[in-house]
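User: I would like to learn how to read helix packing and a nonpolar core in a model. Can we work through one together?

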Amino acid sequence: MFPQIKIPKIWLSYDKILIESYISDFSNEDYLKFKNSEEVKKFNLLLEKISPNLLKNISKLSGIRWCRKEIPIYLVPDIPKKSFAHPLVLILKGGLERRFLVLAHELVHVNFIADGDRFFIGENKEKRMDLPNIEAICWLISKLALQKTVGDDWFKYEEEWKEILNWDKSENTKKEIEELERSWDFNKMNFKKFLKTRKP
Ligand SMILES: [Zn+2]
């Protein structure tokens, strides 16, 4: 039996000052154009549709409940920078699959530092030593959560996935994701439980 999963409210947010910190000549006009653009509308429609299940699936897979009540997602137009989780800043790169894959990845980071759960952060130093690469875990959980949420029909992740792995540029991350995929049976147990079963 799964207890009812409480999920945070997420929504798209825009901060002109934040965008200006990346793009210095970003005018009011650019700002309005970006906010009202078709690509942002399209992204928002899909976000509203899938985010409740996506958030539930992330929590089911990780084994960590959501502690945040609200997660604004600050959108930034495509620039040569990476998205990050705290606060959640999403750079709108690539197609829809890429955007949702990166968004899910950042959401997994947010889920992991849920302040009610100290499993993944500093306080528990011994366990932390044992942790695989956090980026590898986040990528794997984000991919699985999206597959569970939208299914393979919509989520043609293969190409995106390869690109993401190359983009991350770390051989280690790639290897650790493959190793995790082999050893973690996510249908049987969530990631938190899986970690406890790993031999030191
Ligand atoms: Zn990351």
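User: Which residues in H4 meet which residues in H6?

Analyst: A caution before the case: this is a predicted model. From H4 come Phe100, Leu101, Ala104, His105, Val108 and His109. They meet Cys138, Trp139, Ile141, Ser142, Lys143, Ala145 and Leu146 in H6. By class, this contact has nine nonpolar, three polar and one charged residues.

User: How do I describe the geometry of such a pair?

Analyst: Two packed helices are described by the angle between their axes and the distance between the axes. Here the axes of H4 and H6 come within 8 Å. They cross at roughly 120 degrees. H4 and H6 are therefore oblique to each other. The crossing of H4 past H6 is right-handed.

User: At what angle do H6 and H8 pack?

Analyst: The angle is about 55 degrees, with the axes 8 Å apart. Helix H8 covers residues 171–183. That angle makes H6 oblique to H8. H6 passes H8 in a right-handed crossing. On the H6 side, the contact uses Glu135, Ala136, Ile137, Trp139 and Leu140. On the H8 side, it uses Thr173, Glu176, Ile177, Leu180 and Glu181. The classes are six nonpolar, one polar and three charged residues.

User: Is Ile134 buried, partly exposed or exposed?

Analyst: Count the neighbours. A residue needs 20 or more other C-beta atoms within 10 Å to be buried, and 12 or fewer to be exposed. Ile134 lies in helix H6. It has 15 other C-beta atoms within 10 Å, so Ile134 is partly exposed. Ile134 and Glu176 are 42 residues apart in sequence, yet their C-alpha atoms are 9.7 Å apart in space.

User: How do H3 and H4 cross?

Analyst: Their axes come within 10 Å and cross at roughly 40 degrees. That makes H3 oblique to H4. This crossing is right-handed. H3 gives Phe43, Leu46, Leu54, Leu55, Ile58, Ser59 and Ser62 to the contact. H4 gives Leu96, Arg99, Ala104, Leu107, Val108, Asn111 and Phe112. By class there are 10 nonpolar, three polar and one charged residues.

User: Which residues of the largest nonpolar core touch the most other members?

Analyst: Start with the general idea. In soluble globular proteins, nonpolar side chains tend to be buried together. In this chain the largest nonpolar core has 36 residues. Ile58, Leu90, Ala104, Ile141 and Ala145 touch the most other members. Elements giving two or more residues to this core are helix H3 (38–62), strand S2 (70–76), strand S3 (89–91), helix H4 (96–112) and helix H6 (134–154).

User: What is Ala104 in contact with, leaving aside its neighbours within four places in sequence?

Analyst: Its contacts are Leu54, Ile58, Ser142, Ala145 and Leu146. Leu54 and Ile58 belong to the H3 side of the contact with H4. Ser142, Ala145 and Leu146 are in H6.

User: What is the pattern of elements along the whole chain?

Analyst: Read along the sequence, it is β-α-α-α-β-β-α-α-α-α-α-α. That is nine helices and three strands. Of the 200 residues, 27% count as buried. Take contacts between residues at least 6 apart in sequence: 72% join residues at least 24 apart.

User: Where is the cis peptide bond that reaches Pro87?

Analyst: Look at omega. The bond from His86 to Pro87 is cis, with omega near -5 degrees. Pro87 sits in the loop between S2 and S3.

Technical notes. Residues are numbered from 1 along each chain as its sequence is written. This is a predicted model: local features need pLDDT of at least 70, side-chain atom pairs count only at pLDDT 80 or more; totals for chains, interfaces and linings use all residues. A nonpolar core is a set of buried Ala, Val, Leu, Ile, Met, Phe, Trp, Tyr and Cys residues joined through C-beta atoms within 7 Å. Helices (H or I, at least four residues) and strands (E, at least two) are DSSP runs, numbered from the N terminus. Two residues are in contact if their C-beta atoms, placed from the backbone, lie within 7 Å. Axes are lines fitted to C-alpha atoms, for helices over the stretch in contact, and angles run from 0 to 180 degrees between N-to-C directions. Angles under 35 degrees count as roughly parallel, over 145 as roughly antiparallel, 65 to 115 as roughly perpendicular and the rest as oblique. A crossing is left-handed if the near helix is turned anticlockwise from the far one by less than a right angle, and right-handed if clockwise. Ala, Val, Leu, Ile, Met, Phe, Trp, Tyr, Cys and Pro count as nonpolar, Asp, Glu, Lys and Arg as charged, and the others, Gly among them, as polar.
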